[in-house]
Amino acid sequence: MNDVLPAIERWRARGDAIAVATVVRTLGSAPRGVGAKMAVSSSGAMAGSVSGGCIEGAVFEACQQAIATGESRLLHFGVADDEAWDVGLACGGTIDVFVEPLR
Amino acid sequence: MVIHDALRRALDAEQPVAVATVLAGATPIGGKLLIDAAGVTTGSLAAGAATAQIVADALALLQRGANEVRRYEGGLEVFIETYPAPATLLVVGAVHIAIPLVAFARTLQFRTVVIDARGAFATPERFAHADELVHAWPDEALAGRLTANSHVVVLTHDPKLDDPALLVALPSAARYVGALGSPRTHARRLERLRAAGVSEAHLARLHAPIGLRIGGQSPEEIAVSIIAEIIAVRNGRTGAAPS
């Protein structure tokens, strides 16, 4: 949280809506640990990370949706190692990410 | 924003807290409860009877600084994340190495304290990036403020300053104690500390010569080796490459 907090406070100060994504579960080799966070603003800014860059694109979209709908969602990423490139999780392993609007 | 603001205040005040978030099995999904170290809560989870168990689990996880999904009766799934009080790096000796060391430590979310009685060294100009600058003798500055979250790095190269710091730090609860100096300097230091009555068990705690062996020469490189050694100790590793 400490790494995304300054950005969140800046965005709030200028009136942006915000969503936060958190790694809640990992299996196998995951690039970031449980508790890692990424924050996204309604104006399209982003801070922090939930992987080594493999799933940030999808999580960014999910955050924008959460801002639009006001709904929280649990996302699941990951497949076996040999298929991993197809969904962008090059590291193998699985990651569950909880996406929620900040309210 | 109630929970977010309460969390932000706790982090600002460096108070340990946990946050429980409903992932499934209760309405609303995303409902949050903030739990402080005394078990006092803010917010609610609509978790009914499970709430007491969630609070107990949160306090246990907070002790370990762990984040976990926990399952409860009725398909309730709760993510518990914890924010222990931040680790502190206390640098004794406002020398050149201390400048990049404080910068690296801050990037790694340590609270940083620089201690030096010598005003010419511990200037706000050199250490604008430190959380705290203490103009005092090291033993006075360290006494009473070392916990299991403290990491003490002794860099003055001067026994008059290093030794009093180590006499306080070695028997303390500090997680890490390291001191700069060549193997020869260190051998002489061990003799002095023994003569001053420090036990062998406490001497064995001292990381000296300080830092992982990465061949660092510049102050910045030595600072990297010191902070890397502290990370290794926090993770229960030696810092050696996997064999």
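Helices (H or I, at least four residues) and strands (E, at least two) are taken from DSSP runs and numbered from the N terminus. The model shown in every view is predicted.

**View 1. Chain B as a whole holds eight helices and eleven strands.** Chain B has 243 residues, and 39% of them count as buried. Its C-alpha atoms fill a box of roughly 65 × 40 × 35 Å along the principal axes. Among the contacts in chain B with a separation of 6 or more, 52% are between residues 24 or more positions apart.

**View 2. Chain A and chain B meet in a contact built from both chains.** Chain B gives 17 residues to the contact, and chain A gives 13 residues. On the chain B side, at least two residues each come from helix H1 (2-12), strand E1 (17-24), strand E4 (68-72) and strand E5 (76-83). H1(B) has the largest share of that side, with four residues. By residue class, the side of chain B that touches chain A has nine nonpolar, five polar and three charged residues.

**View 3. Ala39(A) lies in strand E2 (residues 37-41) of chain A.** Is Ala39(A) buried or exposed? Around Ala39(A), 22 other C-beta atoms lie within 10 Å. The cut-off for a buried residue is 20 or more, so Ala39(A) is buried. Leaving aside neighbours within four places in sequence, the contacts of Ala39(A) include Val4(A), Ala7(A) and Ile8(A). Ile18(A) and Val20(A) are also in contact with Ala39(A), as are Ala47(A) and Gly48(A). Ser49(A) is ten residues from Ala39(A) along the chain. The C-alpha atoms of Ala39(A) and Ser49(A) are separated by 8.0 Å.

**View 4. Six strands of chain B form an open sheet with parallel pairing.** The strand order is E8-E7-E6-E9-E10-E11. Which strands of chain B are the edge strands? They are strand E8 (132-134) and strand E11 (206-207), each pairing on one side only. Strand E10 (residues 176-179) of chain B runs parallel to E11(B), and two bridges join them. Gly178(B) stands opposite His207(B), a residue of E11(B). Helix H3 (residues 98-107) of chain B packs on the sheet. There H3(B) touches strand E6 (88-92), strand E7 (111-115) and strand E9 (150-154) of chain B. The directions of H3(B) and E7(B) make an angle of about 160°.

**View 5. H3(B) also packs against helix H8 (residues 219-234) of chain B.** The axes of H3(B) and H8(B) are 8 Å apart, and the packing angle is about 45°. From H3(B), the contact is made by Pro100(B), Leu101(B), Phe104(B) and Ala105(B). From H8(B), the residues in the contact include Pro219(B), Glu220(B) and Ala223(B). Val224(B), Ile226(B) and Ile227(B) of H8(B) take part as well. The contact of H3(B) with H8(B) has nine nonpolar residues, no polar residue and one charged residue.

View 6. Most peptide bonds are trans. Pro28(B) sits in the loop between E1 and strand E2 (32-36) of chain B. Pro209(B) is in the loop between E11 and H8 of chain B.

**View 7. Glu14(B) and Gln109(B) have positive phi values.** Most residues other than glycine have a negative phi. For Glu14(B), phi is near 60°. Glu14(B) is found in the loop between H1 and E1 of chain B. With 14 other C-beta atoms within 10 Å, Glu14(B) is partly exposed. For Gln109(B), phi is about 75°. The loop between H3 and E7 of chain B holds Gln109(B). Gln109(B) has 10 C-beta neighbours inside 10 Å and therefore counts as exposed.

Technical notes: Residues are numbered from 1 along each chain as its sequence is written. Chains are lettered from A and ligands numbered from 1 in the order in which they are written. This is a predicted model: local features need pLDDT of at least 70, side-chain atom pairs count only at pLDDT 80 or more; totals for chains, interfaces and linings use all residues. Two residues are in contact if their C-beta atoms, placed from the backbone, lie within 7 Å. Ala, Val, Leu, Ile, Met, Phe, Trp, Tyr, Cys and Pro count as nonpolar, Asp, Glu, Lys and Arg as charged, and the others, Gly among them, as polar. A residue is buried if 20 or more other C-beta atoms lie within 10 Å of its own, exposed if 12 or fewer, and partly exposed in between; C-beta atoms are placed from the backbone. Two strands pair if DSSP finds at least two bridges between them. Axes are lines fitted to C-alpha atoms, for helices over the stretch in contact, and angles run from 0 to 180 degrees between N-to-C directions.
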